[in-house]
Amino acid sequence: MQRTIAVLGSAVFFVVAPCTLARLVPWSIAGWQLRPPFLGLELTRGIGAIMILAGVPGLVDAFARFALQGLGTHAPIAPTRNLVVTGLYRYVRNPIYVAVVAIILVKRC
């Protein structure tokens with residue numbers, strides 16, 4: 001039962017926090033208009049797509065690990081019961097920040 005609640009809580013927090021931060025905030029600032037490629041190079045659009053493709057799975061993995069291994073959520077009101085030190089957490093203190101920043105930077109270019 002604890003795992004089910006952790007998964008549901010993580011899913012709700014996933015929709016509320018990173019999705020809001022990565023989608024609504026940049027849209028409200030810039031309107032996400034299609035602009036000429038960064039530095040006039042079409043290659044930058046491909047690099048941006050690669051950054052998004054790398055960022056989204058990292059984001060989902062971080063949330064899944066907190067729910068399944070940590071038995072909690074990223075939300076301060078429902079913290080994990082176990083320390084998560086596998087996956088991207090093995091290399092980065094907060095992979096969610098890294099993933100969301102990668103996604104936002106791409107949208108700004």
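Which residues make the nonpolar surface patch of about 780 Å²? In this predicted model, the patch is built from Phe38, Leu39, Leu41, Leu43, Ile47, Met51, Val101 and Leu105. Two elements give two or more residues each to the patch: helix H3, which runs over 43–68, and helix H4, which covers 95–108. H3 supplies the largest share, with 3 residues.

Let's pick out one member of that patch. Methionine 51 sits in helix H3. Is it buried, partly exposed or exposed? Methionine 51 counts as partly exposed, because its relative accessibility is 32%, and partly exposed covers the range between under 20% for buried and over 50% for exposed.

Now hop over to helix H2, residues 18–30, where you'll find arginine 23. Arginine 23 has a relative accessible area of 52%, so this residue is exposed. Look at how the chain folds back here: arginine 23 and isoleucine 103 are 80 residues apart along the chain, yet their C-alpha atoms are separated by 9.2 Å.

Next, have a look at the second largest pocket, which holds about 300 Å³ of space. It is lined by 16 residues, and the closest to its centre are Phe13, His74, Asn94, Ile96 and Tyr97. H2, H3 and H4 are the elements that each give two or more residues to this lining. Which of them gives the most? That would be H4, with 5 residues. As for the kinds of residue, the lining of this pocket has 13 nonpolar, 2 polar and 1 charged residues.

Key
Residues are numbered from 1 along each chain as its sequence is written. This is a predicted model: local features need pLDDT of at least 70, side-chain atom pairs count only at pLDDT 80 or more; totals for chains, interfaces and linings use all residues. Side-chain values use heavy atoms; hydrogens and water are left out. Patches are made of residues with over 30% relative accessible area and no salt bridge: like charges are joined within 9 Å, nonpolar side chains (Val, Leu, Ile, Met, Phe, Trp, Tyr) within 5 Å. Accessible areas come from the Shrake-Rupley method with a 1.4 Å probe; for residues, only the protein chains shown count as cover. A salt bridge is a side-chain nitrogen of Lys or Arg within 4 Å of a carboxyl oxygen of Asp or Glu. Helices (H or I, at least four residues) and strands (E, at least two) are DSSP runs, numbered from the N terminus. Buried means under 20% relative accessible area, exposed over 50%, partly exposed in between (1.4 Å probe, protein chains only). On a 1 Å grid over the protein atoms alone, a cavity is a set of points where a 1.4 Å probe fits but cannot get out, and a pocket is an open set with protein on both sides within 12 Å along at least five of seven lines; lining residues have an atom within 4 Å of a point. Grid points are joined across faces, edges and corners, and a volume is the space filled by probe spheres set on the points. Ala, Val, Leu, Ile, Met, Phe, Trp, Tyr, Cys and Pro count as nonpolar, Asp, Glu, Lys and Arg as charged, and the others, Gly among them, as polar.
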